[in-house]
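Work through the exercises below with the model open. Try each task before reading its solution.

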Amino acid sequence: MSNPCALHALFGGTFDPIHYGHLRPAEALAKITGLEKITLLPNNVPPHRPQPEASPTQRIEMVKLAISGNPLFDLDLREMQRDTPSYTIDTLAALRLERGDKQPLAFIIGQDSLLTLHKWHRWQDLLSLCHLLVCQRPGYRSEMETPELQSWLNLHLTSQPQALRQSPAGKVFLAQTPLIDISATEIRTRRHQGESDANLLPPAVSEYIDREGLYQNL
């Protein structure tokens, strides 16, 4: 039975492919906040971006290779089993039912996502279900778009990691995670142009991309 005060986090993404820009900030975040577990949630039909180049099966396999042997991470495939757009609020509602009302539950996003959170489906309900852990991203401003949105953020901000364990949801924590300027778009572009992606993603993932012939030269 899980400890009701243990802090678990969810990390959604297309992971096309998964890379160190996903993994290293998440590992740093776990050290900062004391996360016991980070559950990766690959999207099947992302509502806010173009459809992935790799198939769902290929993206799942890349995530498995990337986290193999790392007990911090596990994998939840529920969003891959949907044929409709994956809305974070629906996934969080389902997980909250499974985990109960007392389990502290967090959702990891980047600073870029925080700045556009008001465009998410039912965004104002998110903090009733989870905390938000925000990783720094290079090149993004720190202030919200409007004074109203900034007031909403200020109301929920905490700078104390222990506060994330003292309630199941409702806080926003801005983490000083390392600024790692890697994107899946950059990796795909390098691959399309026949360039190396060394040091951008785990070797096992790079080798899998080679074997599958993914992101080939245009």
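Buried means under 20% relative accessible area, exposed means over 50%, and partly exposed lies in between. The model is a predicted one.

**Exercise 1. Find which residues of α3 are buried, and say where they lie around the axis.**

Step 1. Take the helix itself. α3 covers residues 88-99, twelve residues in total. Its first and last C-alpha atoms are 16 Å apart, close to the 16 Å expected at 1.5 Å a residue.

Step 2. List the buried residues. They are T88, I89, T91, L92, L95 and R96.

Step 3. Look around the axis. These residues cover an arc of only 155 degrees, which puts them on the same side of α3.

Step 4. Turn to the opposite face. The exposed residues L97 and E98 are found there, away from the buried side.

Step 5. Ask what covers the buried residues. The cover includes β1 (8-13), β2 (37-42) and β4 (105-110).

Step 6. Leave the helix. Just after α3, G100 has a positive phi of about 90 degrees.

**Exercise 2. Determine what surrounds the charged side chain of E79.**

Step 1. E79 is in the loop between β3 (73-75) and α3.

Step 2. Look for an opposite charge. E79 is buried but has no salt bridge. The nearest side chain of opposite charge is that of R82, 4.2 Å away. A salt bridge requires the nitrogen and oxygen to be within 4 Å.

Step 3. Look for a polar partner. The side chains of E79 and N43 make a polar contact of 2.7 Å.

Step 4. Complete the surroundings. Beyond neighbours within four places in sequence, E79 contacts L41, P42, N43, N44, S86, Y87 and T91.

**Exercise 3. Trace the salt-bridge network that includes R188.**

Step 1. The whole structure has ten salt bridges.

Step 2. Take one partner. R188 pairs with D16, with the closest N and O atoms 3.7 Å apart. R188 is in helix α7 and D16 in the loop between β1 and α1, 172 residues apart.

Step 3. Take another partner. E53 and R188 also form a salt bridge, at 3.6 Å from N to O. E53 lies in the loop between β2 and α2 and R188 in helix α7, so this pair ties together parts that are 135 residues apart in sequence.

Step 4. Join the pairs. D16, E53 and R188 are linked in a network of salt bridges.

Step 5. R188 counts as buried at 17% relative accessibility. D16 is buried too, at 4%. E53 counts as partly exposed at 44%.

Step 6. R191 forms a salt bridge with D197, with the closest N and O atoms 2.8 Å apart. R191 is buried at 12% relative accessibility, and D197 is buried at 5%.

**Exercise 4. Work out which residues of α8 are buried and what they pack against.**

Step 1. List the buried residues. In α8 (residues 203-212), these are V205, S206, Y208 and I209.

Step 2. View down the axis. The buried residues of α8 fall within an arc of 160 degrees, so they line one face of the helix.

Step 3. Check the other side. P203 and R211 are exposed there.

Step 4. Name the packing partners. The buried residues of α8 pack against α2 (56-67) and α7 (184-192).

Step 5. Q58 touches Y208, E212 and L214, not counting residues up to four places away in sequence. A polar atom of its side chain lies 2.9 Å from the backbone nitrogen of S55.

Step 6. Follow the chain onward. After α8 comes G213, with a positive phi near 65 degrees. Y215, in the segment after α8, has a positive phi of about 50 degrees although it is not a glycine. Y215 counts as buried at 4% relative accessibility.

Terms used. Residues numbered from 1 in each chain as written. Predicted model: local features only at pLDDT ≥ 70, side-chain atom pairs only at ≥ 80, totals over all residues. Heavy atoms only, no water. Helix = DSSP H or I, 4+ residues; strand = E, 2+ residues; numbered from the N terminus. Expected span 1.5 Å × (residues − 1). Buried < 20%, exposed > 50% of the residue type's maximum accessible area, 1.4 Å probe, protein only. Arc of directions from axis to C-beta. Contact = heavy atoms within 4.5 Å. Lys, Arg positive; Asp, Glu negative; His and termini not counted. Polar contact = N/O pair within 3.5 Å; in protein donor to acceptor, adjacent residues only side chain to side chain.
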